[in-house]
Amino acid sequence: MNLKPETTEKIDKLVPRYPTKRSAALPLCHLVQEDQGYLSNEAIEWIAQRLELEPINIQEIVTFYPMLRTEPTGKYHVRVCRTLPCALAGAYQTCHRLEKELNVEVGHTSEDGLVTLEYVECHADCGRAPVVMVGEEEYTDIDPDKAGELAAKMKSGELSDGMPD
Amino acid sequence: MAHEETRLIMKYADEPGYTNDIDCYLKHGGYEELKKAVTMKPEDICAEVMDSGVRGRGGAGFPAGMKWKFLDRKSGKPIYLVCNADESEPGTFKDRQIIHKDPHQLIEGMMIAAYAIQAKLAFIYIRGEFFQGYRILEKAIEEAREKNFLGDNILDSGYSCDIIVHRGAGAYICGEETGLIESLEGFRANPRIKPPYFPAALGLYQCPTIVNNVETLCDVKHVVAMGGKEFAKIGTPGNTGTRTWCVSGHVMKPGYYEFACADITLGELIYDVCGGLKPGRKLKAVIPGGSSSKILRADERFTGKLKDGTEYDWGIEDIPMDFDSLMAVGSMSGSGGVIVMDDSTDMVEALANINYFYAHESCGQCTPCREGVPWMRKITQRMVDGEAREEDADLLNSIADQIAGRTICAFGEAASWPVQSFIAKFKDEFVEKAREQAARRKEGEKTAKETTLI
Ligand SMILES: Cc1cc2nc3c(=O)[nH]c(=O)nc-3n(C[C@H](O)[C@H](O)[C@H](O)COP(=O)(O)O)c2cc1C
Ligand code: SF4
Ligand code: FES
């Protein structure tokens with residue numbers, strides 16, 4: 001596994017802080033996913049070995065937690081909150097507009113690899129609904145018109161991918 | 001008349017120029033209570049928390065002092081403190097504000113609580129989607145460590161404790177305290193059966209553990225500042241302190257507002273504080289405490305007797321916003337998430353939306369929950385898609401009845417209460433939808449009406 005030196009350093013610091021090695025499983029999944037973009041079989045085996053566990057112990061976590069991925073996302077990872085408060089504020093219309101403008105069906109990655117569009121559950125900012133995330137960046141009060149603007153900026157490459165450097 | 005907020009937890013958070021760095025916090029008197037706490041006897045702090053009557057802000061409203069009392073101190077095993085920052089109940093968004101705007105308040109509250117229960121190590125379990133909140137907390141903890149507010153030999157007291165921020169990864173069930181513990185141990189977040197796994201006795205690593213919500217732990221700081229008895233004067237007996245109500249849905253000014261318990265009614269909150277409904281709209285229903293609490297219908301009357309014997313006869317607008325009043329009207333204050341719906345809302349669609357959430361989030365351990373909740377989701381989805389049947393309302397109700405009370409954790413109730421209450425209060429709409437769709441089908445119209453909430 002070719003992890004960035006910063007990632008390895010973070011992992012080495014993190015594991016001994018926990019009372020048991022296994023407790024570091026989720027944080028390691030996050031760190032490796034941030035490094036690699038997703039969790040490949042190789043990555044899962046690597047994490048298991050690092051924590052003296054079996055690959056299945058990591059596999060069962062990866063399949064349980066929605067934020068852990070076994071496939072890479074597009075350049076823009078767009079998550080639209082669809083739970084009741086956001087829905088009352090028009091989240092479904094927002095998402096339909098994104099689907100149309102970005103030519104991608106929700107739940108999928110566009111053919112050109114530009115966007116992955118997903119529905120997610122409440123992001124705990126329901127007072128400023130509808131909420132849309134791009135990478136780790138949050139956009140609030142996104143009505144269909146603002147969704148159109150976001151989509152245009154993604155297509156032109158103007159929008160940040162929302163990932164930390 | 002606009003109501004005055006009583007801001008305790010959110011006092012500085014929204015003040016212009018108030019930042020989340022430690023210098024700003026110290027300038028506003030930060031960490032003075034921790035300095036005071038470490039000179040007190042731990043049991044005296046526990047006694048103050050008991051006197052304060054402060055009830056948990058995470059959902060169930062259990063008195064914090066009592067929970068701390070249940071800690072198994074005889075086992076000799078290390079004690080852990082866990083801050084529940086998973087905040088995933090739809091409609092709730094207060095913990096995020098505290099973390100973003102005043103992280104040191106939380107850290108101070110946690111360190112006081114950790115000292116009071118003599119925890120060996122503390123964790124903040126933060127939901128994975130709070131990327132920025134996670135970074136803010138990491139930075140704040142570093143700042144606090146530099147000033148010796150946490151770490152080894154805190155403020156020369158001889159007491160040492162560290163905080164680890166642990167990220168979840170998108171599963172709502174991690175908010176349930178025993179699911180959270182499993183997740184923290186590196187497993188799937190499958191809740192544990194209580195008894196015997198009450199965290200206070202058999203929690204993290206099978207050791208005595210206290211799990212408290214973000215807001216509850218902030219309250220602990222204010223209890224130490226004021227003294228338990230003085231804190232208990234805010235609000236009403238049994239409903240002490242303030243609550244941060246998160247209002248979302250069809251109001252002009254959604255947002256979070258902090259009031260002393262019972263200091264405001266639901267009507268005042270909606271109309272005076274949140275600017276009322278959108279123009280030309282009428283109130284239809286309110287979910288008062290996050291999506292799992294039972295829905296209230298705008299034209300209901302609530303009558304009965306309160307704990308202290310006084311009789312009440314309230315319309316929805318008269319309900320005082322506190323733990324016991326919302327319980328009295330058959331719902332709960334839960335996590336403080338008030339979801340407002342006006343007369344444009346289709347109740348079948350709204351329930352379909354809620355069912356989708358719970359069906360997605362069941363951990364899958366208990367058969368009634370794993371099978372029943374997706375079944376309810378399928379029925380409401382079918383109703384939205386144009387194939388509603390007149391018997392659907394009763395069927396939904398009977399499925400919900402068979403889940404609640406038959407599962408390992410309270411998720412079973414959380415998923416059943418919306419269904420039971422929607423059917424109890426809006427059955428006419430469910431039946432009407434079935435009739436209308438049957439008529440459309442007869443006319444040869446294949447498509448359902450356009451939907452907006454699912
Ligand atoms: C399905 C389910 C989800 C929950 N989600 C949360 C949550 O996101 N945040 C929280 O603080 N408590 C949540 N709780 C309540 C916790 O189990 C626990 O009661 C709480 O963290 C205790 O803290 P408190 O006493 O300070 O309220 C949830 C409970 C259930 C049954
Ligand atoms: S009630 Fe549902 S969420 Fe809770 S343990 Fe059972 S299956 Fe899991
Ligand atoms: S429902 Fe979308 S942020 Fe809460």
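Predicted model: local features only at pLDDT ≥ 70, side-chain atom pairs only at ≥ 80, totals over all residues.

**Entry 1: the interface**

I began where chain A meets chain B, and counted 22 residue pairs in polar contact across that interface, both partners at pLDDT 80 or more.

Next I asked which helices of chain A supply at least two residues each to the side that touches chain B. They are H2 (25–36), H4 (55–64), H5 (84–88) and H6 (91–102). H2(A) gives the most, with five residues. I then sorted the residues on that side of chain A by type, and they divide into 21 nonpolar, nine polar and 10 charged.

For the contact itself, I noted 40 residues of chain A against 63 residues of chain B. The two chains bury about 4,000 Å² between them, and 60% of that is on carbon and sulfur atoms. On the chain A side, Phe64(A), Leu84(A) and Leu88(A) lose the most area to chain B, together 16% of what that side buries.

**Entry 2: salt bridges**

How many salt bridges are there between chain A and chain B? I found five. One pair I wrote down is Asp125(A) with Arg96(B), where the closest N and O atoms are 3.8 Å apart. With a cut-off of 4 Å for a salt bridge, I kept that pair in my notes. Over all chains, the same rule gives a count of 48 salt bridges.

Inside chain A, I looked at Lys21(A) and Glu52(A), whose side chains meet in a salt bridge at 2.5 Å, N to O. This pair links distant parts of the chain, 31 residues apart. Lys21(A) is in the loop between helix H1 (5–14) and H2, and Glu52(A) is in the loop between helix H3 (41–50) and H4.

I flagged it since most residues other than glycine have a negative phi, and most peptide bonds are trans.

One joins Ala129(A) and Pro130(A), with omega about -10°. Pro130(A) has its place in the loop between strand E3 (115–120) and strand E4 (132–134) of chain A. In chain B, another cis peptide bond joins Lys194(B) and Pro195(B), with omega about -10°. I found Pro195(B) in the loop between helix H8 (177–184) and strand E4 (209–213) of chain B.

**Entry 3: ligand 1**

Which residues are closest to ligand 1? Of the 18 that surround it, they are Gly58(B), Asn84(B), Asn212(B), Asn213(B) and Thr216(B).

I checked distances to oxygen atoms of the ligand for three of these:

- Gly58(B) has a backbone N or O atom 2.7 Å from one.
- Asn212(B) brings an N or O atom of its side chain to 2.9 Å.
- Asn213(B) places a polar side-chain atom at 2.7 Å.

Taken alone, ligand 1 exposes 620 Å², and the protein buries 90% of that.

**Entry 4: chain A overall**

Last, I stepped back to the fold of chain A, which has seven helices and five strands. From the N terminus on, I read its elements as α-α-α-α-β-α-α-β-β-β-β-α. The C-alpha atoms fill a box of roughly 50 × 30 × 25 Å along the principal axes.

Terms used: Residues numbered from 1 in each chain as written. Chains lettered and ligands numbered in written order. Heavy atoms only, no water. Contact = heavy atoms within 4.5 Å. Buried area = accessible area lost by both parts, 1.4 Å probe. Polar contact = N/O pair within 3.5 Å; in protein donor to acceptor, adjacent residues only side chain to side chain. Helix = DSSP H or I, 4+ residues; strand = E, 2+ residues; numbered from the N terminus. Nonpolar A, V, L, I, M, F, W, Y, C, P; charged D, E, K, R; others polar. Near = heavy atom within 4 Å. Areas by Shrake-Rupley, 256 points an atom, 1.4 Å probe, with all protein chains shown as cover.
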